[in-house]
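Trainee: I am new to this model and would like to go through it with questions. Please show the sequence and structure first.

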Amino acid sequence: QKAEWAKLLHENTKSADGHQVHLVANIGTPNDLEGVINNGGEGVGLFRTEFLYMGRNELPTEEEQFEAYKAVLEGLNGKPVVVRTLDIGGDKELSYLDLPKEMNPFLGFRAIRLCLEEQDIFRTQLRALLRASVYGNLKIMFPMIANLDEFRAAKGILEEEKQKLINEGIQVSDDIEVGIMVEIPSTAVMADQFAKEVDFFSVGTNDLIQYTMAADRMNERVSYLYQPYSPAILRLVKMVIDAAHKEGKWAGMCGEMAGDELAIPLLLGLGLDEFSMSATSILKARSQILHLSKKEMEDLAQRALQMSTTDEVIEAVKEVIEK
Ligand code: PEP
Ligand code: MG
């Protein structure tokens, strides 16, 4: 099995009937790059930049961030790198920001909400990203977007910083895609409207599942509700993918679900374009997709969308992949 995977290291990812998708990696620091390359990653689908901010006593400077982003972009040699802007809050605290305790931190002042309010932090990160953009294929992604106003505000700030840099005579790529994570049900429901303005979507199922089911992703007692194969989740994912394609945009997924053996057939069938997962899952997923027919997975996905329970979906997927 390992030998078969090794042969796929430099291959594209195509289904048995020739449909191509992209398998990319989730990373947290430039140190993770080696793993991406050694495991056949076609790029990075989620760079969680929080890690640059954590485990220290003050905000990282623009220069420190610039070096980290440049290293990742150069290391990937022109392959796409989706960098997510700061997603702090919820379970990820920064002690030095001194934010008031909240009753419901996962529903509170976090991620893009914080960045739109604390604009110095946001603008510093965006400047570092824009300056690094000339070293590779950068895509910028905003986390926890709940409505279009937030996206427009974030994109507006990005445009302002870009213009400032250009006025200072600093080079910036003119070809940076700007997209959003879909982690909040309202955004999945409104995906048709978002699709007119964003360049891409990446579905963050780790949060999308918890917010859709109102079930804390860390709480064992309610984990029976936290089900990626629930028809409710599949329907939301379908809305996002269909909305993207209708506007000629692409849709990815960077939650754990994207690397899950039982989810991959469904996601292929729903038309997902990009699967972002831990680097060590990539070759296994490539080998799996190679043996799946996109056409058959479309039938499977259509049936799953009409099922009433998670168990029915799991049964149906197992039946198809054991064949
Ligand atoms: C997600 O919510 O699915 C996601 C990828 O982001 P994180 O796990 O960092 O919240
Ligand atoms: Mg998330």
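Trainee: How many bridges join strand S6 to S7?

Mentor: This is a predicted model, in which local features need pLDDT of at least 70, side-chain atom pairs count only at pLDDT 80 or more, and totals for chains, interfaces and linings use all residues. Residues are numbered from 1 along each chain as its sequence is written, while chains are lettered from A and ligands numbered from 1 in the order in which they are written. Helices (H or I, at least four residues) and strands (E, at least two) are DSSP runs numbered from the N terminus, and two strands pair if DSSP finds at least two bridges between them. S6 (residues 177-182) and S7 run parallel, and the number of bridges joining them is three.

Trainee: Which residue in S7 stands opposite Ile180?

Mentor: S7 covers residues 200-203, with Phe200 and Ser202 pointing one way and Phe201 and Val203 the other. The residue opposite Ile180 is Phe201.

Trainee: Are the residues of S7 buried or exposed?

Mentor: A residue is buried if 20 or more other C-beta atoms lie within 10 Å of its own, exposed if 12 or fewer, and partly exposed in between, with C-beta atoms placed from the backbone. By that rule, Phe200, Phe201, Ser202 and Val203 are all buried.

Trainee: Which residue in S8 stands opposite Phe200?

Mentor: S7 also pairs with strand S8 (residues 250-253), in the parallel sense and over four bridges. Within that pairing, Phe200 stands opposite Trp250.

Trainee: Which residues is Phe201 in contact with, leaving aside its neighbours within four places in sequence?

Mentor: Two residues are in contact if their C-beta atoms, placed from the backbone, lie within 7 Å. With sequence neighbours within four places left aside, the contacts of Phe201 are Gly179, Ile180, Val182, Ala191, Val240, Ala244 and Ala251.

Trainee: What is the bridge partner of Phe47 in S4?

Mentor: Strand S3 (44-48) has four of its five residues buried. It pairs with S2 in the parallel sense over three bridges, and Ala25 there has Val44 as its partner in S3. Three bridges also join S3 to the parallel strand S4 (residues 80-84), where the partner of Phe47 is Val83.

Trainee: Which element gives the most to the shell around ligand 1?

Mentor: A residue is near a molecule if its C-beta atom, placed from the backbone, lies within 6 Å of it. The residues around ligand 1 are Leu46, Arg48, Asp87, Glu183, Gly204, Thr205, Asn206, Asp207, Cys254 and Gly255. S3 and helix H10 (205-213) are the elements that give two or more residues to this shell. The most, three residues, comes from H10.

Trainee: How many residues in the shell around ligand 1 are charged?

Mentor: Ala, Val, Leu, Ile, Met, Phe, Trp, Tyr, Cys and Pro count as nonpolar, Asp, Glu, Lys and Arg as charged, and the others, Gly among them, as polar. The shell has two nonpolar and four polar residues, and its number of charged residues is four.

Trainee: Why is Ala111 counted as buried?

Mentor: Ala111 lies in helix H5 (residues 111-117) and has a positive phi of about 50° although it is not a glycine. It counts as buried because its C-beta neighbours inside 10 Å number 25.

Trainee: Which residues is His19 in contact with, leaving aside its neighbours within four places in sequence?

Mentor: His19 is in the loop between S1 and S2, and it is partly exposed because 17 other C-beta atoms lie within 10 Å. Beyond its neighbours within four places in sequence, its contacts are Lys14 and Lys294.
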